[in-house]
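Please keep the sequence and the structure in view while reading.

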Amino acid sequence: MPTEVLKVDPVSPNSAVIEKAASFIRQGKIVAIPTDTVYGLAVDFGNPQAMKRLYELKKRPLNKPFTIAVASEESLESLTRDAGPLAYKLMERFWPGPLTLVLKAASSPADTIGLRLPNSRVALRIIEESGCAVALPSANYSGQNPACDAREVLSALKDSIDLIIDAGKVELGVESTVVDLSTANFKILRQGAVSKAEIEALAKLKKVLFVCTGNSCRSVMAEGLLKKALKDKNRLDVEVLSAGILAYGGQPATQETLRLLAKAGADVYEAHHSRRVTKPMLYSSDLILAMENIHEEHILNMAPAVRSRLYLLKEFAKIPEIDLNIPDPIGQSTAFYEMTFSAIKEAVEKIVELV
């Protein structure tokens, strides 16, 4: 049968067209869809017959897996295992976008999986509506140039696929960069729209996260002190941030916190707005420093995988103490605030030597 072609607005795609494409994928058919990079062939990854047909169409060796397109960042957690901070840093920076991450697969210790979140409203809606894992290689025979519009897809594959969703010419016209993060040292398997320099810059960047309760005093003190210490050493390779396990978004730092930071010569945080700690924030951090045991427990309940890089800040005090909690100074005296600040400052001075 001739390949059906349906036009769609790339910004405001027609729901009926989206549903038809998703329905075709669920039925085991092959659908060419636009992404931000090139047109891809969308197939239900969990359908053996559909995948067999895709391999035959692409003339691709069976030992060479296809990338899976996902519709949200949460898929990284459900489909992969042991994804380290670099994977989440790359995801934060380039997803949705032209970057494919190869990671250890959750399904098998010996397998890897390639994931991409395309920056295309049409593609994302079709993937989400399909309700299945979608294999999405480029719409061409292996070894040929990828197609950048529906006409090129039709010319290359003629009537060998079932449906083409025509949203016009793609934005980039260059395939995604593929980065293998399944081993200790990352490897760029294919240079594409994201440059090697951009990948390497993120790989060199360390991220330190301080966590307290409300993100209005202790974690803000620690963030300000570490930023100052790194600035004094002209260190530009460390990102520092703070958050709270029960923070209400947008709350300012306390006046005592601002006063103590200013006295120490740190940047004054009048513009600070509290934020609640999130899973992506935790997963992308190389070092997580909590103020109390309760914060540590909350973090591990949220993201057990970060255990190896989670510490109580006071573990880095010069003189070890039995009680490693740094108590909350909210509602306490100026003297209590100063004592808290001093304990945090002592630990931060040690941290700056380690990062």
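In which hand of crossing, left-handed or right-handed, does helix 1 pass helix 5? The crossing of helix 1 past helix 5 is right-handed; a crossing is left-handed if the near helix is turned anticlockwise from the far one by less than a right angle, and right-handed if clockwise.

The model is predicted, with local features needing pLDDT of at least 70 and side-chain atom pairs counting only at pLDDT 80 or more, while totals for chains, interfaces and linings use all residues. Residues are numbered from 1 along each chain as its sequence is written, and side-chain values use heavy atoms, leaving out hydrogens and water.

**Overall layout**

The chain holds twelve helices and 14 strands. Helices (H or I, at least four residues) and strands (E, at least two) are DSSP runs, numbered from the N terminus. The C-alpha trace spans about 80 × 40 × 35 Å along its principal axes. Of the 355 residues, 51% count as buried, where buried means under 20% relative accessible area, exposed over 50%, and partly exposed in between (1.4 Å probe, protein chains only). Among contacts with a separation of 6 or more, 67% are between residues 24 or more positions apart; contact means heavy atoms within 4.5 Å.

**Nonpolar cores**

The largest nonpolar core has 43 residues, and Leu41, Val153, Ile161 and Ile165 touch the most other members. At least two residues of this core come from each of several elements, including helix 1 (15-26), strand 3 (39-44), helix 5 (121-130) and helix 6 (150-157). A second, separate core of 40 residues includes Leu181, Tyr283, Ala290 and Val306. A nonpolar core is a set of buried Ala, Val, Leu, Ile, Met, Phe, Trp, Tyr and Cys residues joined through side-chain atoms within 4.5 Å.

**Helix packing**

Two helix pairs are listed here. Axes are lines fitted to C-alpha atoms, for helices over the stretch in contact, and angles run from 0 to 180 degrees between N-to-C directions.

| Helix pair | Angle | Axis separation |
|---|---|---|
| Helix 1 and helix 5 | about 55° | 8 Å |
| Helix 8 and helix 9 | about 20° | 10 Å |

Given its angle, helix 1 is oblique to helix 5, whereas helix 8 and helix 9 are roughly parallel to each other. Angles under 35 degrees count as roughly parallel, over 145 as roughly antiparallel, 65 to 115 as roughly perpendicular and the rest as oblique.

In the contact of helix 1 with helix 5, the residues from helix 1 include Ile18, Ala22 and Ile25, and those from helix 5 include Val122 and Ile126. By class, this contact has six nonpolar, two polar and four charged residues. Ala, Val, Leu, Ile, Met, Phe, Trp, Tyr, Cys and Pro count as nonpolar, Asp, Glu, Lys and Arg as charged, and the others, Gly among them, as polar.

Helix 8 also passes helix 9 in a right-handed crossing. Val220, Met221, Gly224 and Leu225 of helix 8 meet Thr257, Leu260 and Leu261 of helix 9. Five of these residues are nonpolar, two are polar and none is charged.

**Backbone exceptions**

Most residues other than glycine have a negative phi, and most peptide bonds are trans. Trp95 and Pro96 are joined by a cis peptide bond, with omega about -10°. Pro96 sits in the loop between helix 4 (85-94) and strand 5 (99-104).

Lys158 is not a glycine, yet has a positive phi of about 45°. Lys158 is in the loop between helix 6 and strand 8 and is exposed, with a relative accessible area of 55%. Asn215, also not a glycine, has a positive phi of about 55°. Asn215 lies in the loop between strand 11 (206-212) and helix 8 and is buried, with a relative accessible area of 0%.
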